[in-house]
Amino acid sequence: MLSNIVNVPKCWGSPPYPIKTKNLTTTPPLPRNSLIFTARLLHREHSVSLSKTITEEKFGGQLEALEGVTMADYGVFTEIMDEGVFKYYSDREWKKSSSGKSVAIVNPTTRKTQYRVQACTREEVNKVMETAKIAQKSWAKTPLWKRAELLHKVAAILKEHKAPIAEALIKEIAKPAKDAISEVVRSGDLVSYCAEEGVRVLGAGSFLVSDSFPGNERNKYCLVSKIPLGVVLAIPPFNYPVNLAVSKIGPALIAGNAVVLKPPTQGAVACLHMVHCFHLAGFPKGLINCITGKGSEIGDFLTMHPGVNCISFTGGDTGIAISKKSGMVPLQMELGGKDACIVLEDADLDLVAANIVKGGFSYSGQRCTAVKVALVMESVADALVEKVKSKVAELTVGPPEDDCDITPVVSESSANFIEGLVLDAKQKGATFCQEYKREGNLIWPLLLDHVQPDMRIAWEEPFGPVVPVIRIGSVEEGIHHCNASNFGLQGCVFTKSIDKAMLISDAMETGTVQINSAPARGPDHFPFQGIRDSGIGSQGITNSINMMTKVKSTVINLPTPSYTMG
């Protein structure tokens with residue numbers, strides 16, 4: 001059955017690659033709507049089994065992304081792994097850590113170790129920072145158009161190699177298959193847009209003359225430009241490890257910075273594949289680096305390192321600790337939210353129900369911009385809850401390989417935290433619209449009605465497939481609940497009155513308010529920011545480019561005033 005697989009490197013261990021074999025036969029016969037790719041690789045004294053099932057009817061047009069490939073097609077990735085452990089990246093080389101240790105990455109679905117990455121040391125962090133600093137000086141002198149050219153190149157390579165990156169996302173973070181593919185494609189588009197926008201933003205500059213300020217003659221010309229900060233430390237989260245990595249790397253590079261990437265443990269292998277795409281594009285030695293390891297061992301050392309000139313972090317409470325320790329460096333942080341959905345009496349309830357389900361349950365609710373609490377006017381609450389219940393019943397639950405709507409949450413500790421919120425709500429009298437069900441890390445979607453302010457779920461971010469409904473007697477009550485949160489990332493309001501929508505939007509203390517749609521990050525060039533514990537600074541391609549530069553002024557002093565004549 002496997003006679004058609006060729007060029008299988010011995011060092012591959014258990015990579016995330018789908019394998020296609022010709023003349024594949026099985027017993028019993030395959031269902032028509034499935035393609036099963038199975039390969040068995042010998043690795044020194046042990047064998048490793050790799051299997052992948054793709055459901056044609058669920059992938060639709062995306063099927064070809066994970067089909068029709070052979071081991072040889074992914075030979076470009078062979079050098080990133082050795083003896084079953086993925087290497088870290090520095091100095092345009094894939095390296096093994098001198099620690100001799102590795103960090104296990106557990107598959108959320110099987111709850112077994114799927115991959116291993118290097119456990120880098122502090123000494124290796126020092127070397128990476130030194131290398132990045134040297135590389136940045138040269139890169140800052142590279143013409144903008146050349147920087148953009150390389151970014152366009154890596155965008156194409158990312159899309160070309162979306163299959164192995166997507167497969168890692170499926171195995172590491174249980175991302176549904178079609179969403180894994182779309183994350184990689186979206187990331188390529190982000191990098192391309194970043195290249196174009198960077199040329200525009202950084203190529204403009206400004207020119208000031210002194211006589212525009214009272215009391216001055218025109219004897220000073222001020223040329224204002226944007227220059228790179230130096231070395232940017234990029235720390236993406238597990239839920240969008242590729243997209244939220246390139247949202248930091250792209251702006252940093254086009255602005256002339258070097259990058260040190262510290263990927264999340266869950267999502268590290270997808271990040272390493274993504275970094276290899278930058279390697280294949282030909283970025284200079286030392287400019288891009290990816291260091292893996294335990295946050296408890298190198299996390300503080302990285303964020304407090306004197307070689308870091310900027311930190312872009314997406315995650316949770318860890319960001320607050322980083323902001324207190326990082327010192328005098330610019331910070332860009334998005335730290336989660338408790339995004340409120342305010343539903344008025346005149347709202348289109350079918351539209352609201354669709355958005356609550358999409359916004360609250362996609363990727364099992366593991367999104368910073370998920371609907372985290374629905375604040376519904378009492379008069380329409382019964383009708384809305386019934387509509388949401390019927391849509392929740394249609395959601396598919398299962399493994400990410402089957403492209404289910406609800407897949408396992410990222411870890412057992414996450415599942416336990418979610419369960420704690422659910423049990424607290426049950427003890428305090430919330431109405432369960434579905435039976436609470438959990439198997440391992442897999443939690444079935446749950447809508448909680450009649451949630452009260454004394455319940456933890458009313459305030460805490462579950463990061464799971466649970467949506468609480470709080471019934472309100474007035475718009476003011478809904479706004480008050482939204483603004484009483486320690487978060488302030490996004491919110492949304494549903495109403496047919498644009499006048500009411502604008503008044504409520506102005507009153508909601510959040511970084512973004514969506515009108516008649518669920519909260520969302522994107523498109524990626526839109527500004528994205530939070531207030532209070534939801535973050536510092538603003539993201540979005542243009543804002544990130546500006547944040548990763550500083551202003552430099554050059555003043556030309558003339559001996560006598562000079563005025564331009566027509």
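**Entry 1: a pair of strands.** I began with β18, which pairs with strand β21 (residues 446-449) in the antiparallel sense over 2 bridges. Two strands count as a pair if DSSP finds at least two bridges between them. Helices (H or I, at least four residues) and strands (E, at least two) are DSSP runs, numbered from the N terminus. I found Thr431 opposite Asp449 in β21. A reminder to myself: strands of a sheet pair through backbone hydrogen bonds, either parallel or antiparallel.

**A note on the source.** This is a predicted model, in which local features need pLDDT of at least 70 and side-chain atom pairs count only at pLDDT 80 or more, while totals for chains, interfaces and linings use all residues. Residues are numbered from 1 along each chain as its sequence is written, and side-chain values use heavy atoms, with hydrogens and water left out.

**Entry 2: the whole sheet.** In which order do the 7 strands of the open sheet run? I read β18-β21-β22-β17-β16-β23-β24, with mixed pairing. β18 (431-432) and β24 (512-515) are at the edges with a single partner strand each, so one side of each has no neighbour in the sheet.

**Entry 3: helices across the sheet.** I looked up α12 (residues 378-392) next, and this helix lies across β16 (340-343), β17 (373-377), β21 and β22 (466-472). The angle of α12 to β17 is about 135°. Helix α14 (residues 475-484) lies across β16, β17 and β22, and runs at about 165° to β17. Contact here means heavy atoms within 4.5 Å. Axes are lines fitted to C-alpha atoms, for helices over the stretch in contact, and angles run from 0 to 180 degrees between N-to-C directions.

**Entry 4: the largest pocket.** I needed some terms before this one. On a 1 Å grid over the protein atoms alone, a cavity is a set of points where a 1.4 Å probe fits but cannot get out; a pocket is an open set with protein on both sides within 12 Å along at least five of seven lines; lining residues have an atom within 4 Å of a point. Grid points are joined across faces, edges and corners, and a volume is the space filled by probe spheres set on the points. The largest pocket holds about 1,200 Å³ of space. It has 43 lining residues, and Phe313, Gly315, Gly316, Asp317 and Thr318 are the closest to its centre. Among the elements that supply at least two lining residues each are β14 (310-314) and α10 (318-325).

**Entry 5: the second largest pocket.** This pocket has about 730 Å³ of space. Of its 33 lining residues, Asp179, Tyr240, Lys358, Ser362 and Arg367 lie nearest the centre. Which element gives the most to the lining of the second largest pocket? I found that α11 does, with 6 residues.

**Entry 6: cavities.** I found 5 cavities of 30 Å³ or more. The largest cavity has about 110 Å³ of space. It is lined by 17 residues, with Ser247, Arg521, Asp524, Gln539 and Gly540 closest to its centre. α7 (243-254) and α16 (541-547) each give two or more residues to this lining, and α7 has the largest share, 4 residues. The second largest cavity has a volume of about 40 Å³, and its lining includes Lys338, Asp339 and Arg532.
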